[in-house]
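Please consider the model shown below.

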Amino acid sequence: MLQLFDTAQGKVVPFEPREPGKVSMYVCGPTVYGPPHLGHGRFSLVFDVIRRYLEWAGYEVTYVSNITDIDDNIINKANEDGIGTDEVVARYEALWWEAMDAIGVKRPTRDPHATAYVEQMVALIADLMGRGIAYETSDGVYFTPAAIDDYGLLARQSIESLQVGARVEVDDEKRSPIDFALWKKSKPDEPAWPSPWGPGRPGWHTECVVMSLDLLGEGFDIHGGGQDLAFPHHENERAQAVGSGRAFARYWLHNGFVMVGDEKMSKSLGNFTNLMDLAHSTDPRSYRLLVLRSHYRSPVEVTRATTDDASEALARLDRFSLRAAALPSDVEPDETTLVEFQSYMDDDFQTPGAMGLLFSTVTEANKAIDAGDIELAAALAGAVREMCSAVGLELRTDDEPIPEADLALAAERDAARKAKDWATADRLRDELVAKGYVLEDSASGTVIRRP
Ligand SMILES: [Zn+2]
């Protein structure tokens, strides 16, 4: 039986879905005002692995992840670039999905946009005001966390200590420093929607509570996100649901941070500037393997050195996959291996243990092929395929050589780089990427390969 660490309970607990056989999940998506960074890549991969595993284990999963398309950062970016907020959103949302496709993250079942839900958010805010747990000031509408008995549940702190720790803002109208904005009255020329409190826009915490309850219903199963979202974002989402008399998420899952090392060091090592950079300059599957080799609640180090290491490990899996292609495919996957795999994954997604098993199964299968035990090799190879599909690791299955003409383009790019003709080098890189290749810069020059 699946057990998972619930942030609200602060411990590993058995997972009991709202409806047998079905899992409803909401994962906070990006605010689209810049290229996706490595932290975005981590939470997307962590929850993609969890979703795929649950599907593999037989659950019917509804996966909702939002796009925040109105927010102060988007407005600031639009002003900076002298364009409309719509243009900012269109540009960076497109880049978001491009990055998700590049790292093999499945599209959500639903991807609600905040601006499509403003009316429902206004209705929720009016309801909370009617209950006396929200109030209007000259710049917006605020929520009163003190009205919620167990506020601080996700922060794992008492409301008193949160009050003491809160930054004291220069705002005489807020009744407590931990009160948060449900509605922000707009300044001239800012995007605005009508409301009983004048034109304005919803606060971020209101968006997710409305969209998750609308699309998944009360008492949905899992609410997820990076650990930095547990407080205040998730705490405040939950407070609004509880305050309006509705059951919210049954389980809360939070993933750990991404470490990129010391900044100076990361520059000298040519580390990645963002997720697209990683996807273009290394095997994007290496990030998934890195994520799988760490527990989702632990930090993970994403640097050129760690992705190179993961790429080497992937090459081993690919070599096996190509070798195993010759084995009979009508043999049942090895059951003992799959039971062991499931026991790791059901233990709060112990993916490092599951990956250890994957690699040792590859070793065993290679030995069986060497010894001519085709039946055993085929059963183990079947288990390897099952485990990879359960966590979304795609292995190579063909070994077609790369055409000479494309190798020539790579050589041309190296010559251009040597001559410091960066424009030509970039154009050739783009051309090869457009052909579907992954480029790696090695000491001996550009290496191209299929993803
Ligand atoms: Zn959210």
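The largest nonpolar core comprises 81 residues, and Met25 and Leu393 have the most contacts inside it. A nonpolar core is here a set of buried Ala, Val, Leu, Ile, Met, Phe, Trp, Tyr and Cys residues joined through side-chain atoms within 4.5 Å; buried means under 20% relative accessible area, with a 1.4 Å probe and protein chains only. Helix α14 (residues 374-391) supplies the largest share of this core, 11 residues. At least three residues of the core come from each of domain 1 (3-255) and domain 2 (259-391). Apart from this core lies another, of 43 residues, including Val122, Leu128, Leu229 and Phe248.

The model is predicted: local features need pLDDT of at least 70, side-chain atom pairs count only at pLDDT 80 or more, and totals for chains, interfaces and linings use all residues. Residues are numbered from 1 along each chain as its sequence is written, and side-chain values use heavy atoms, with hydrogens and water left out.

Which residues surround Met25 in the contact list? Leaving aside neighbours within four places in sequence, Met25 is in contact (heavy atoms within 4.5 Å) with Phe47, Ile50, Arg51, Leu54, Val61, Thr62, Tyr63, Val64, Leu216 and Ile222.

The division of the protein chain also includes domain 3 (404-449); domain bounds come from an automatic or database domain assignment. Taken over C-alpha atoms, the centres of domain 1 and domain 3 are 42 Å apart.

The zinc ion has as protein donors Cys28 (SG), Cys208 (SG) and His233 (NE2), lying 2.1 Å from it. Donors are N, O and S atoms within 2.8 Å of the metal (3.2 Å for Na, K and Ca); water is not among the atoms, so sites may look incomplete. The sequence spacing of the donor residues is C-x179-C-x24-H. Because Cys28 lies in the loop between β3 (22-27) and α1 (38-56) and His233 in helix α7 (residues 230-243), the pair ties together parts that are 205 residues apart in sequence. Cys28 and His233 are both buried.

Helices (H or I, at least four residues) and strands (E, at least two) are DSSP runs, numbered from the N terminus, and two strands pair if DSSP finds at least two bridges between them. Strand β5 (residues 134-136) runs antiparallel to β6, joined by 3 bridges, and the two form a hairpin with 3 residues between them. Ala134 stands opposite Phe143 in β6. On the strand β6 (residues 140-143), Gly140 and Tyr142 point one way, Val141 and Phe143 the other, and all are buried. Strand β7 (residues 180-185) is antiparallel to β6 through 4 bridges, with Trp183 as the bridge partner of Val141.

Key:
Buried < 20%, exposed > 50% of the residue type's maximum accessible area, 1.4 Å probe, protein only.
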